[in-house]
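Good morning, and thank you for joining. I would like to take you through the helix packing, the sheet and the chain contact of one model.

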Amino acid sequence: MSTAREMLSDILLSSGAANVDVPVSFDDISVCGASSADGYLESLEREFSDRAKVIPQYRDLKEKLGGALFGFYINHSVEQQNEINARFLDVLREFKANNDEIVRLSNRLKELESRMDDNGGIR
Amino acid sequence: MRVFQILTTVSYGDAVSNDCLALFELLKTSGYETYVYAENIGKQAERMGVKPYARLQKLRDDDIILYHLSTGTELNERIKALNGRKFIIYHNTTPPDVFVPYSGKLARLCSCGLDETRSLKGTFEGGFCDSDFNRQQLISYGYECPLKVRPILIPFEDYKKDPDAETLEQMGGDTKENDHKIKNVLFVGRIAPNKCQEDLISLLYAYRKMYSDPIRLILAGNPSGLEKYMAKLKVFAGELGLEDIVFTGQISFAKILAYYRSADAFVSMSEHEGFCVPLVEAMFFDVPILAYSSTAVPETLGGSGIIFDSKDPSHAARCLHEILNNKELRDLIISEQKERLKFFGYGNVSEIFMKQFKEFTGQ
């Protein structure tokens with residue numbers, strides 16, 4: 001008795017369906033173009049929101065001892081990074097808010113343009 | 001002797017975590033004093049007794065450490081300094097190159113993971129590998145300790161739970177009880193470039209050009225961290241006029257069960273798998289499998305399912321059309337998959353693991 005793979009192989013020898021070309025290549029699609037169309041700003045916002053909340057912690061005995069001696073510097077550095085990420089998050093949110101406004105105004109402009117007649121008046 | 005499993009993340013639902021929790025139960029019922037410690041712990045895992053790594057108790061020289069390695073993490077360095085007899089459970093790390101255009105963070109994690117795996121080559125007394133593919137990879141990294149192959153331990157009892165009724169209805173009901181007007185073609189796995197969901201979209205395009213019977217593509221997987229890739233997939237599908245693809249996003253276990261129960265075929269185009277649990281899940285739900293032959297996929301299928309070597313969408317569409325419409329072929333595939341599934345049975349894999357564990361530890 002033949003296996004399923006052998007059976008299919010035999011069937012395909014007599015299969016008549018013609019080949020199809022896929023007209024678009026996945027590699028030709030720009031990551032940036034696709035990203036701006038689908039919530040990339042939201043994912044960036046989430047990532048920096050997480051980064052702004054990193055908790056300084058000591059991990060093993062060696063680091064605990066290091067922390068006891070130099071803890072101020074270790075924590076200070078993490079807190080500085082968090083502060084930078086929090087500021088970046090503010091900038092990102094401002095950019096996102098402006099971006100939404102730009103999209104809204106562009107749509108309004110297109111709508112008005114479509115209502116213009118040949119002499120520049122509103123139909 | 002105590003047995004400690006250590007890993008970076010335990011979150012109920014992913015394959016590595018499920019394997020770890022299933023081993024935890026197995027070791028406990030086999031009479032061992034056993035613990036799981038992780039850096040990141042999901043709520044359900046916490047309820048099951050997983051403890052934070054930061055509170056790891058002092059280890060003795062005769063303690064056994066089972067270290068799950070699947071990504072880059074600081075734990076890969078810290079594990080070297082721990083007391084105890086150390087064994088690696090290797091789940092493989094995705095090649096970082098595929099992530100570069102989409103996530104610098106994931107590319108870095110995987111790159112570190114590979115470097116750290118190499119740097120750990122002299123750390124372990126022995127290793128458990130999910131597949132021979134994983135074992136060969138460790139050998140290529142210079143591991144000289146004994147390495148044994150044992151499949152991931154899958155608690156199939158969980159799969160007998162009730163599926164999400166609404167999703168099941170939306171997909172046309174359980175395949176065993178309904179002849180679907182629109183056939184459901186399913187892939188389960190994270191939305192990630194190594195899984196090559198774009199090739200499934202190309203397959204759908206080819207199928208619809210070549211045949212008239214309606215099919216629906218369901219991509220069940222979490223895109224978290226790879227939103228750019230997900231966005232590109234949607235634009236690609238849109239350019240091909242395939243706006244009806246179901247992207248489920250992160251979903252509950254009950255919904256995953258519903259998608260499996262309503263699937264007419266499981267198709268994988270993945271180019272990197274260290275084991276591929278969804279193949280075994282498809283076997284469990286009697287869903288015929290069509291898969292691109294790469295990495296550990298042929299090994300997990302073990303001669304069952306249909307595999308192909310070339311990513312020609314037209315060829316894959318021909319195979320899929322036969323699987324969906326030729327009852328004799330379909331029944332034969334399912335019967336071969338049932339036979340293969342026996343190997344992954346909880347009892348069999350438990351026995352393999354415990355035998356290897358005792359050979360390694362002598363206890």
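I begin with two helices of chain B: the axes of α10(B), residues 277–284, and α13(B) come within 9 Å and cross at roughly 120°. That angle makes α10(B) oblique to α13(B), since angles under 35 degrees count as roughly parallel, over 145 as roughly antiparallel, 65 to 115 as roughly perpendicular and the rest as oblique. Axes here are lines fitted to C-alpha atoms, for helices over the stretch in contact, with angles running from 0 to 180 degrees between N-to-C directions. Helices (H or I, at least four residues) and strands (E, at least two) are DSSP runs, numbered from the N terminus.

A word on the source: this is a predicted model, in which local features need pLDDT of at least 70 and side-chain atom pairs count only at pLDDT 80 or more, while totals for chains, interfaces and linings use all residues. Residues are numbered from 1 along each chain as its sequence is written, chains are lettered from A and ligands numbered from 1 in the order in which they are written, and side-chain values use heavy atoms, with hydrogens and water left out.

Returning to the pair, the crossing of α10(B) and α13(B) is left-handed, meaning that the near helix is turned anticlockwise from the far one by less than a right angle; clockwise would be right-handed. B:Val280, B:Ala282, B:Met283 and B:Phe284 of α10(B) meet B:Gln337, B:Arg340 and B:Leu341 of α13(B), contact being heavy atoms within 4.5 Å. By class, this contact has five nonpolar, one polar and one charged residues. Ala, Val, Leu, Ile, Met, Phe, Trp, Tyr, Cys and Pro count as nonpolar, Asp, Glu, Lys and Arg as charged, and the others, Gly among them, as polar.

Helix α13(B), residues 327–343, also faces the other chain: its axis and that of α1(A), residues 4–13, come within 9 Å and cross at roughly 155°. The two helices are therefore roughly antiparallel, and α1(A) passes α13(B) in a left-handed crossing. A:Ala4, A:Met7 and A:Leu8 make this contact with B:Glu328, B:Leu329, B:Leu332, B:Ile333 and B:Glu336. By class, there are six nonpolar, no polar and two charged residues.

What does the chain contact as a whole comprise? Chain A contributes 31 residues and chain B 42 residues. The area buried between the chains is about 3200 Å², of which carbon and sulfur atoms give 69%; buried area is the accessible area (1.4 Å probe) that two parts lose on being put together, summed over both. In chain A, A:Arg5, A:Val20 and A:Phe26 lose the most area to chain B, together 23% of what that side buries.

Now to the sheet of chain B. Seven strands form an open sheet in the order β3-β2-β1-β4-β5-β6-β7, with parallel pairing; two strands pair if DSSP finds at least two bridges between them. The edge strands of chain B, each pairing on one side only, are β3 (51–52) and β7 (147–149). Eight bridges join β1(B), residues 2–10, to β2(B), residues 33–41. B:Thr9 has B:Asn40 as its bridge partner in β2(B).

Which helices accompany the sheet? Helix α1(B), residues 15–29, lies across β1, β2, β4 and β5 of chain B, running at about 160° to β1(B). Helix α14(B), residues 346–361, packs on the sheet and touches β1, β4, β5, β6 and β7 of chain B.
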